Amino acid sequence: MKIILGSKSPRRQELLKQIGVSYECVVSEKEETITSTEPETVVRELSAGKAADVCTKVCQLYSGEEVLIIGADTIVAYNNQILGKPSDKNAAFETLKMLQGNKHQVYTGVTIIYLSGSGDSGTDCCFTECTDVYMKEMSDQAIREYIHTGEPMDKAGSYAIQGLFAVNIEKIAGDYNNVVGLPVSRIYSEVRERLGIDIVTGKHIMKACIFDLDGTILDTVTSIAVTANQVLKELGFMPHPEENYKIYAGDGQIELIKRALIAAGDTELKTFETAMSRYIELFKTGCMYEVKPYPEIRELFMELKKNNIKIAVFSNKEHGNVCSILKDIFGDGYFDFILGQREDHEKKPSPEGIDIILKEINVDSGQCLYIGDTSTDMKTGTGASLFTIGVTWGFREEKELRDNGADIIIHHPLELMEYI
């Protein structure tokens, strides 16, 4: 991820370096327009304007890349009056004469824009940080001596707290770095909490995992094979080897039965309606036959819960069956959200179900992983712009997962924690 600072201020650059952020500078050339005299509103507007201008440039420079833009503006205010940079030494003297022995405020407005690189319009957050600064009393001679150093001439409020003027600061109430020019602690926290990104590492903070069910969480192939083969026997067809059902499954029970019938010889699906009805009837009791979690799945879920990561399940299986199976094995209320096939969304690989889940658990797509074991799952995750992980302990081979867009492949459930 590229971190872009929309400022040429050496103080802001130094503060980002101090906390270990790797960044580039793209400076805004937008003319500053102010529609308010209220300091907090002014810095918000100015930072938003800078960030938006930089965003336009960045979209051209780094099209298709993941980018985080930081726009900031800092002002000094006394009795709610904004104090700019001094026009000359006399203006600097008048400003410092007014501030000496009194309390004033330093406001920084910060606007952060995140571009995912997928062509979306971008996500942003905007906030204002205020610090109270208490200045010692100063004689006219002391003020003139400070002005003579040249330090105050390009500084809002006519002083630099990080420079020679530090001896004249009695105390502050709030963030010192905010007075220098950039509240880096607040920026770090806001970006982490609101956008799910660690600006030091440039990585996303995961808040949720969405898992496929069959072949990912649960080894269900025996229950599917036994039930479907019973239907085939009743209709006069030969049953299939259990291994075949790893190929037939994955796209919902309708596709499962169609594939089983065609493979059994009913290429025109003349018995489909009867077979489908019978499968649904038998599966009500057969859905739990020899069903069990894969090794390490329970341990993985325990680790996710310990790290406050939400767990959701998304399956093409009928919604009632999914809820019933998971309740039987893990207990009621174990998952943050469960979604099986319902009338309110298209089945996988449509991303509609993912959208429902993300809204229900209140997590952004950039903060969520999708984990599955079939090509359908890989298409589902990538189609919803989630980081998508293919698992090899389930129904399909690694090549199928890679060929259909898996971002990474894992071979054991606990490997997932390396990517959280």
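In which loop is Ser385 found? Ser385 lies in the loop between helix H14 (375-383) and strand S16 (387-391), where helices (H or I, at least four residues) and strands (E, at least two) are DSSP runs numbered from the N terminus. This is a predicted model, in which local features need pLDDT of at least 70 and side-chain atom pairs count only at pLDDT 80 or more, while totals for chains, interfaces and linings use all residues. Residues are numbered from 1 along each chain as its sequence is written, and side-chain values use heavy atoms, with hydrogens and water left out.

Most residues other than glycine have a negative phi, and most peptide bonds are trans. Ser385, however, has a positive phi, near 60°, and with 47% relative accessibility Ser385 counts as partly exposed, a term that covers the range between buried (under 20% relative accessible area) and exposed (over 50%), using a 1.4 Å probe and protein chains only. Ser158, in the loop between helix H4 (140-148) and strand S7 (169-173), also has a positive phi, near 70°, but Ser158 is buried, with a relative accessible area of 0%. The peptide bond from Lys348 to Pro349 is cis, with omega near 15°, and Pro349 sits in the loop between strand S14 (337-341) and helix H13 (352-361).

Turning to the helices, the axes of H9 (residues 253-264) and H10 (residues 272-286) come within 10 Å and cross at roughly 125°; axes here are lines fitted to C-alpha atoms, for helices over the stretch in contact, and angles run from 0 to 180 degrees between N-to-C directions.
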